Amino acid sequence: MPRKHLVASQTNKKQQSQAKLWQKLAREIKAAVKVGGSNIEANARLKAAVDKALQNNLSRESIDRNINGSNKDNIEMAVKEFECYGPNGLQLVISALTDNINRTISNLNGYLTKLHAQIAKPNSVKVFFDNVGYIVVYKDATISTDKIIELTLAYNIVDVIEQADAIEIKTLPVDFYQVKDVLKQNNIGIFDAEIKLIPQNIITSLDSDNKARLERFIESCEQDEDIQWVVTNYEGE
């Protein structure tokens, strides 16, 4: 009996996290439409928001509803990025989409205090992250690093990294969508694709206390409706 309750609790928590993510994706779509209009091909921010929504299984019906309903929403949202330092060389960039910046800062400061971290000056942390188009494709007998390089010679490729069962491709943001389209046209399966910040200085270990604090911090940010995403330079187990 306790086992059934545990499984049910874990399932419910996962569903709540998915619902919270969908809510954030919908907010970003609405904000993108307000800033740049509802034409996906002419609005790069909206195109990125829709791509991310589709990757996270938000239905096309929900996406269209949020695009078409944005003009009826009078709430003004502001995008704000926070750069933060944490213990043991931990670096964080946090993006918020909020209609109340004071609430967002108050909540974030509370999370950071528990992490033993603090907000830093603008560009004192983000300078250590690269903004790149990041694509991960499935690797098989016909797909190799050489094949990827051959297909993308016309574009600005930053790096191609071959893993055991996948290949990571980093592009300049301006070439991200063209490279993605070329891969699709050649029937190469894409596992993940987005424009994102990649840390330059990766840390791979935190002591158990700081690791637990970071996990709780990430969870708090995921549950906060104002915080869209968090990027760190920690890549531990």
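**Cores and salt bridges, talked through**

Colleague: What makes Leu92, Ile94, Leu108, Leu115, Leu214 and Phe217 stand out in the largest nonpolar core?

Modeller: Those six touch the most other members of that core, which has 18 residues. Keep in mind that this is a predicted model.

Colleague: Which elements give two or more residues to this core?

Modeller: Strands β1 (78-85) and β2 (91-98), along with helices α4 (101-115) and α7 (208-223). Helix α4 gives the most, with 4 residues. Apart from this core lies another one, of 15 residues, and Ile135, Ile148, Phe176 and Tyr177 are among them.

Colleague: Why would such residues end up together?

Modeller: In soluble globular proteins, nonpolar side chains tend to be buried together.

Colleague: What does isoleucine 94 touch, leaving out residues up to four places away in sequence?

Modeller: Isoleucine 94 touches Lys80, Glu81, Phe82, Cys84, Leu108, Phe217, Ile227, Trp229 and Val230.

Colleague: How do you know how far to trust the model, and where is confidence lowest and highest?

Modeller: Look at pLDDT, the predictor's confidence in each residue, which runs from 0 to 100. The protein chain averages 88, and 90% of the residues score at least 70. Confidence is lowest in helix α1 (residues 2-36), with a mean of 68, and highest in α4, at 97. Over residues 1-13 pLDDT stays under 50, and for that stretch the model has 1 contact beyond four places in sequence.

Colleague: Which residues of helix α6 are buried?

Modeller: In α6 (residues 176-185), they are Phe176, Tyr177, Val179, Lys180, Val182 and Leu183. These buried residues pack against α2 (44-55), β4 (129-138), α5 (145-151), β5 (157-162), β6 (166-171) and β7 (190-199). After α6 comes asparagine 187, with a positive phi, near 60°.

Colleague: Why is the pairing of glutamate 28 with arginine 45 called a salt bridge?

Modeller: The closest N and O atoms of glutamate 28 and arginine 45 are 2.8 Å apart. The cut-off is 4 Å, from a side-chain nitrogen of Lys or Arg to a carboxyl oxygen of Asp or Glu, so the pair qualifies. Glutamate 28 sits in helix α1 and arginine 45 in helix α2, 17 residues apart.

Colleague: Why is glutamate 28 called buried, but arginine 45 partly exposed?

Modeller: Buried means under 20% relative accessible area, and glutamate 28 has 18%, so glutamate 28 counts as buried. Arginine 45 has 28%, which falls between 20% and 50%, so arginine 45 is partly exposed.

Colleague: How do you know that lysine 180 and aspartate 51 form a salt bridge?

Modeller: Their side chains meet at 3.2 Å, N to O, and the limit is 4 Å, so they pass. Lysine 180 is in helix α6 and aspartate 51 in helix α2, 129 residues apart. Both lysine 180 and aspartate 51 are buried.

Colleague: Which residues are linked in a network of salt bridges?

Modeller: Arg27, Asp99, Arg103 and Asp226. The structure holds 8 salt bridges.

How values were computed:
Residues are numbered from 1 along each chain as its sequence is written. This is a predicted model: local features need pLDDT of at least 70, side-chain atom pairs count only at pLDDT 80 or more; totals for chains, interfaces and linings use all residues. Side-chain values use heavy atoms; hydrogens and water are left out. A nonpolar core is a set of buried Ala, Val, Leu, Ile, Met, Phe, Trp, Tyr and Cys residues joined through side-chain atoms within 4.5 Å. Buried means under 20% relative accessible area, exposed over 50%, partly exposed in between (1.4 Å probe, protein chains only). Contact means heavy atoms within 4.5 Å.
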